[in-house]
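Thanks for coming. I will go through one structure, starting with its sheet and then moving to its cores and aromatic contacts.

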Amino acid sequence: MPIKASIIPVTAFQQNCSLIWCEETKEAAVVDPGGDLALIEKAVEEAGVNLTKILLTHGHIDHAGGTAELSEKRDLPIIGPQEDERFWIDQLEEQATMFNFTPSRSFEPTRWLNDGDEVKVGNVTLKVVHCPGHTPGHVVFISEEDKLAIVGDVLFQGSIGRTDFPKGNHEDLINSITKKLWPFGDDIVFIPGHGQLSTFGDERKTNPFVSDRVLAS
């Protein structure tokens, strides 16, 4: 398996920032640098990898709050999310104030992503899946070869993302999970935005919001 991943809980919301890298090339990306950049940079140093890009699942403050600063400090391109997420990225300064976070700035991603795009990290290929519902431009990154997904706040162990924020949509979220994620297979392990890892198969069996049994009833 060429992909390696390290989870770095950041911010008061304990968001699962991920450092992922190609084991063969040591090229790395940080996914959702919401804050606590010293912790992220320490993880990069300890892994001995070359950080080359920032990937974003969506624009909520706990996922994107440290993006502008990290990008400028290390001259890193910002990849993602999907362009409908501009709604939240443009409000990062206000989000930081509202949730008493470290001051944050909005930014313009180097590359917006769309459903079906691919992102390379060394020899690792990540498929991009646009999964609206929690937020309008939310994306998920999946390495089909390594059976690993980084799903942000779309899906959790035993739960799903909130849809009561502006531009959230419960029906869209359920469709994103069941019609876009489940087809990748039950053996996909996923890193959620918060909490413990799980698999698509386990959630199809037991998740009270999107299990096969619940959706069939």
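This is a predicted model: local features need pLDDT of at least 70, side-chain atom pairs count only at pLDDT 80 or more; totals for chains, interfaces and linings use all residues.

Residues are numbered from 1 along each chain as its sequence is written, and side-chain values use heavy atoms, with hydrogens and water left out.

Strand E4, residues 50-55, and E5 run parallel and are joined by 2 bridges. Strands here are DSSP runs of E with at least two residues, helices are runs of H or I with at least four, and both are numbered from the N terminus. Two strands pair if DSSP finds at least two bridges between them.

The sheet is open, has 5 strands in the order E1-E2-E3-E4-E5, and its pairing is mixed. Strands E1 (3-10) and E5 (78-79) are at the edges with a single partner strand each, so one side of each has no neighbour in the sheet. Helix H3, residues 67-74, lies across E3 (27-31), E4 and E5, at about 145° to E4. That angle is taken between N-to-C directions, from 0 to 180 degrees, with axes fitted to C-alpha atoms, for helices over the stretch in contact; contact means heavy atoms within 4.5 Å.

Now the cores. A nonpolar core is a set of buried Ala, Val, Leu, Ile, Met, Phe, Trp, Tyr and Cys residues joined through side-chain atoms within 4.5 Å. Buried means under 20% relative accessible area, exposed over 50%, and partly exposed in between, with a 1.4 Å probe and protein chains only. The largest core has 27 residues, and Leu 19, Val 30, Leu 51, Ile 54 and Phe 107 touch the most other members. H1 gives the most to this core, 4 residues. Apart from it lies another core, of 19 residues, including Leu 155 and Phe 184.

Last, the rings. Rings of Phe, Tyr and Trp (its six-membered ring) pair if their centres lie within 6.5 Å; planes under 30 degrees apart are stacked, over 60 edge-to-face, the rest tilted. The count is 6 aromatic pairs. Phe 13 and Phe 101 have ring centres 5.0 Å apart and planes at 75°, so this pair is edge-to-face. Phe 13 is partly exposed at 35% relative accessibility, whereas Phe 101 is buried at 15%. Phe 13, Phe 99 and Phe 101 form one aromatic cluster.
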